[in-house]
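Student: Could we go through this structure together? I would like to start with how its elements are named.

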Amino acid sequence: AVIPVAIAGAPYDVVIEEGALARAGALCRPFLRKDTVAVVTDENVAGAWRETVAASFAAQGIASHWLVLPAGEATKSWENLARVVDWLLHLEVERKDNIVALGGGVIGDLTGFAASMVKRGCGFIQMPTTLLAQVDSSVGGKTAINTPVGKNLVGAFHQPSLVLADPLSLDTLPLRDVRAGYAEVVKYGLIDDPEFFFWCEANAQCLLAGEADAREHAIARSVAAKARIVAADEKETTGVRALLNLGHTFGHALEAQCGFSDRLLHGEGVALGMILAARYSARLGLMHGQDAERVAAHIAAVGLPASLKALDIDCDGQTLKNHMLHDKKMDAGTLPFLLMRGLGQTFLAKDVDLADVAAFLDEELAR
Ligand code: NAD
Ligand code: ZN
């Protein structure tokens with residue numbers, strides 16, 4: 001599938017295709033002006049996919065230069081940003097060149113941010129190799145690094161020239177990361193596409209087992225949803241793009257409580273966060289309790305964490321509420337809360353009572 005992303009002034013395609021990495025050279029050829037290309041990746045991805053991608057460039061007469069960074073969230077740092085930028089400058093990358101980010105959201109965010117500043121903004125191609133990156137981070141142009149103060153606090157909007165998503169890359173991805181990325185897939189169904197949520201309920205097991213059709217459909221439908229939302233609100237000014245934060249306010253608080261460590265992956269936090277958003281919506285009488293439990297049942301069925309108690313985080317609702325107050329989505333003293341009127345009917349709620357949220361979280365922690 002090819003999904004166009006209709007950003008005004010910077011439109012691009014997302015190519016979702018089994019074998020796209022093995023054909024990367026040919027697919028990128030129209031975007032490269034020289035016979036060399038710079039590729040940034042991490043150790044794990046290099047181990048699994050470097051040979052394939054390098055060979056596909058070589059077959060087009062393109063020599064690839066590689067910068068292989070350590071794997072992990074800590075790589076999104078000032079130090080590595082400088083390292084990537086300096087490396088690109090030494091390679092004499094020009095503004096109209098396209099550099100390549102091959103990896104998950106960490107490599108995509110860091111490399112995209114570096115591209116946004118090299119020669120005041122050079123081109124870049126995303127080759128996302130995690131499900132999370134394929135359905136979410138590689139599309140939409142948000143790039144960032146972390147600082148000691150918090151995650152993703154420094155960055156830029158910088159759209160890629162092309163996104164190549166190869167479902168085969170998920171064959172080498174640990175199942176835990178596949179599941180975590182799947183939480184973002186479910187998110188698109190819950191935002192505004194109930195039919196897709198029902199499709200997820202029926203097809204999640206095939207998808208997680210690596211069945212080609214299910215995987216491609218899930219990625220394409222998710223990318224189409226993200227493309228539609230970011231084209232409507234590129235820089236998150238009208239509130240449409242905020243819908244993508246469903247489950248993320250609760251999720252962020254849980255991630256913070258776990259110290260943003262491997263104890264709780266981002267997607268796992270989002271999965272729990274969507275359950276909490278659904279249950280809190282039911283508590284406010286906005287949505288049927290049975291629909292909220294349907295969300296929880298699906299999250300549990302795919303093996304994602306579905307209960308706060310099982311997380312074994314030693315804290316109370318007040319502590320989680322305080323984490324929310326440090327969320328970067330905080331806007332002039334209020335938090336944009338995404339709540340649901342039903343499955344696939346998410347909306348931006350304005351005056352949510354945080355004391356009530358804390359009481360709700362105490363109940364959930366004891367549940
Ligand atoms: P990641 O990039 O750390 O990848 C997860 C792990 O999988 C890493 O250990 C990586 O080395 C490994 N890996 C990646 N692809 C592999 C493959 N094909 N085979 C084997 N191993 C592979 O994490 P992620 O979950 O992809 O992304 C998380 C990051 O994305 C966070 O930093 C988050 O802030 C960011 N993010 C950005 C946006 C955005 O809009 N820019 C949206 C969501 C998340
Ligand atoms: Zn997310």
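Tutor: Helices here are DSSP runs of at least four residues, numbered from the N terminus. Gly 189, for instance, lies in helix H6. Please keep in mind that this is a predicted model.

Student: Is Gly 189 buried or exposed?

Tutor: Gly 189 counts as buried, because it has 24 C-beta neighbours inside 10 Å and the cut-off for buried is 20 or more.

Student: Which residues is Gly 189 in contact with, leaving aside its neighbours within four places in sequence?

Tutor: Those residues are Pro 194, Phe 196, Phe 197, Cys 200 and Gly 344.

Student: Changing topic, which residues does the "binding site" annotation cover?

Tutor: According to the unreviewed UniProt entry, the "binding site" annotation covers Glu 184, His 248 and His 266. They span 83 residues in sequence, but no two of their C-alpha atoms are more than 10.1 Å apart, so they gather at one spot.

Student: Where does Glu 184 lie?

Tutor: Glu 184 is part of helix H6, which covers residues 175-192. Glu 184 is buried, with 26 other C-beta atoms within 10 Å. Apart from neighbours within four places in sequence, Glu 184 has contacts with Leu 132, Val 135, Asp 136, Gly 267 and Val 270.

Student: What about His 248, buried or exposed?

Tutor: His 248 is buried, as 23 other C-beta atoms lie within 10 Å. His 248 belongs to helix H9, residues 248-257. Not counting residues up to four places away in sequence, His 248 touches Val 270 and Gly 273.

Student: At what angle do H9 and helix H13 pack?

Tutor: H9 packs with H13 (residues 317-325) at an angle of about 110°, and their axes are 8 Å apart. That makes H9 roughly perpendicular to H13.

Student: Which residues meet there, in H9 and in H13?

Tutor: On the H9 side they are Thr 249, His 252, Ala 253, Ala 256 and Gln 257, and on the H13 side Thr 319, Leu 320, His 323 and Met 324. By class, this contact of H9 with H13 has 4 nonpolar, 5 polar and no charged residues.

Student: Finally, which domain annotation covers residues 67-179?

Tutor: The unreviewed UniProt entry gives "domain: 3-dehydroquinate synthase N-terminal" for residues 67-179. That span is 34% helix and 29% strand, and its end C-alpha atoms lie 28 Å apart.

Note on methods
Residues are numbered from 1 along each chain as its sequence is written. Chains are lettered from A and ligands numbered from 1 in the order in which they are written. This is a predicted model: local features need pLDDT of at least 70, side-chain atom pairs count only at pLDDT 80 or more; totals for chains, interfaces and linings use all residues. UniProt positions are given in the numbering used here, feature names are shortened, and annotations may be inferred rather than shown by experiment. Helices (H or I, at least four residues) and strands (E, at least two) are DSSP runs, numbered from the N terminus. A residue is buried if 20 or more other C-beta atoms lie within 10 Å of its own, exposed if 12 or fewer, and partly exposed in between; C-beta atoms are placed from the backbone. Two residues are in contact if their C-beta atoms, placed from the backbone, lie within 7 Å. Axes are lines fitted to C-alpha atoms, for helices over the stretch in contact, and angles run from 0 to 180 degrees between N-to-C directions. Angles under 35 degrees count as roughly parallel, over 145 as roughly antiparallel, 65 to 115 as roughly perpendicular and the rest as oblique. Ala, Val, Leu, Ile, Met, Phe, Trp, Tyr, Cys and Pro count as nonpolar, Asp, Glu, Lys and Arg as charged, and the others, Gly among them, as polar.
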